[in-house]
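Subject: Structure handover

Hello,

Here is the structure we spoke about, with my notes after it. Please read them with the model open.

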Amino acid sequence: MDRKISPEIIKQRRKHIAIRLGSITAAVVLAVIFGSRAFNPAIRETSLTIREVDRGDIDIAVRCGGTLAPLMEEIISAPINSRILEVYKNAGEQVEHGEPVMKLELAEIETQYHQKLDEREIMASKLMQLRINSENSISELVMQQQVGGMQLRQFESELEGERHLHRLGAGTADKIRQAELAYEESKLRLEQLEQRIANERKNAEAELRVHELELSIIEKTIEEYARLMDEARITSPRDATLTFINTQIGLQVAKGERLAVIADLSRFKIEAEIAGHHRSKLQYGGRVMICLADGEQLPGTIFNINPAVTNGVIGFTAVPDDPDHPGLASGIKLDVDVVHGKRQDVLRLPPGKWYSFGRGDYIVWVVRNGKAEKRRIRTGDSSADHVEIIDGLALGDRVIINDMENYENRKSIKIK
């Protein structure tokens, strides 16, 4: 048989149920509060990089990559086939103009040099002997010419005498003919002798010229050997830093092989490559902006452009306006912006993590009334400092430009 529950017990049970319902309700409220905070996080404004959209000019540029190299770099090559005998310097050391850095073996070229010296002496002696012999031969012929001239004048005198006697009736026609014959014969011999002298002089000049050319060739060969021996004593062509040197003593090196490299490490240039379809944007004397590692923009000038496109890219060289800037160092890879135009009085925004350097549509976070919201925008031309805003933003809009990748699945974020 059922018992009747007492009022006290009923009251106590109701009290326990009320407490339990209150606890559940409080837990639900707290869960809603903390859950909303977890799913709608707030970010402190001080942790963000926010920039306003403004209006101004933009230097239009195309970004490419480059590598810093010494402004002056010179390769020292082997002037002859030889062997490394001694090395006096190590890479990284400072060298002065004319200071020895290496010694090559010169035994073979020195032997050839002395052989050519001997050949020069022999050729010079032969040339002198030929000149003396030619002068003696021509002198003998000249003397014979003088004698022939005297004989010709004698025969001419005899011919005139016979003609005079014939006019007086004391001479005969036969004697006149004999005198004329002797005169003509002497005249022909003298003419032949004069022609012979002229031919001898021409032959002597030609033969002397041949020997002089041979001697000149030997002289030039000697000068070349002397130059090669001087260059084989490897010295620094200027004050610089030795960035490379072959230290393998005893190694055989071929003519033209690289032995050492010197460079002026106080001044730099940047060797860059840009896509071939941007060739028209490169101009001699054109401007570039070199992006240093700390974010500084260093202006520079293009002074060399490769004429050909290789593997889809074209190389060019630029010199910073401040080539000895402390932020420059050999071998560092940097971004380079090639400036090729200007846009005036446009809406602009500094580039940041949101921008990948190119025209098109982008998603940015715009801060307004304590909240950041996603917005799709369209960009135009760009420079190292600004991006042209074509659509999606207005003058004065505040935009987060640092990395927001962790919030890409959110539509809005509270800003504290």
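Predicted model: local features only at pLDDT ≥ 70, side-chain atom pairs only at ≥ 80, totals over all residues.

β15 and β16 form a hairpin, with 4 residues between the two strands.

Strands around β15

Strand β16 covers residues 387–391 and runs antiparallel to β15, the two being joined by 3 bridges. Within this pair, Ser382 has Val387 of β16 as its bridge partner.

β15 itself spans residues 371–382 and also pairs with β14 (residues 360–368), in the antiparallel sense and over 9 bridges.

β10 (residues 287–291) and β11 (residues 297–305) run antiparallel and are joined by 5 bridges. Arg287 has Thr301 in β11 as its bridge partner. These two strands form a hairpin with 5 residues between them, and Gly295 in the turn has a positive phi of about 90°.

β11 is also joined to β12 by 5 bridges, again with the strands antiparallel. Across this pair, Ile302 stands opposite Ala318 of β12.

Positive phi outside glycine

Asn311 is not a glycine, yet its phi is positive, at about 55°. Asn311 sits in the loop between β11 and β12. Its relative accessible area is 80%, so Asn311 is exposed.

Asp345 is another residue other than glycine with a positive phi, near 55°. Asp345, however, is placed in strand β13.

Charged patch

Asp294, Glu296, Asp322 and Asp324 form a negative surface patch. Of these, Asp324 lies in the loop between β12 (313–320) and β13 (333–349). Is Asp324 exposed or only partly exposed? Asp324 has a relative accessibility of 46%, and therefore counts as partly exposed; the exposed class begins over 50%.

Regards

Key
Residues numbered from 1 in each chain as written. Heavy atoms only, no water. Patch = residues over 30% accessible without salt bridge, like charges linked within 9 Å, V, L, I, M, F, W, Y side chains within 5 Å. Areas by Shrake-Rupley, 256 points an atom, 1.4 Å probe, with all protein chains shown as cover. Salt bridge = Lys/Arg side-chain N within 4 Å of Asp/Glu carboxyl O. Lys, Arg positive; Asp, Glu negative; His and termini not counted. Charge placed at Lys NZ, Arg CZ, Asp CG, Glu CD. Buried < 20%, exposed > 50% of the residue type's maximum accessible area, 1.4 Å probe, protein only. Pairing = 2+ DSSP bridges.
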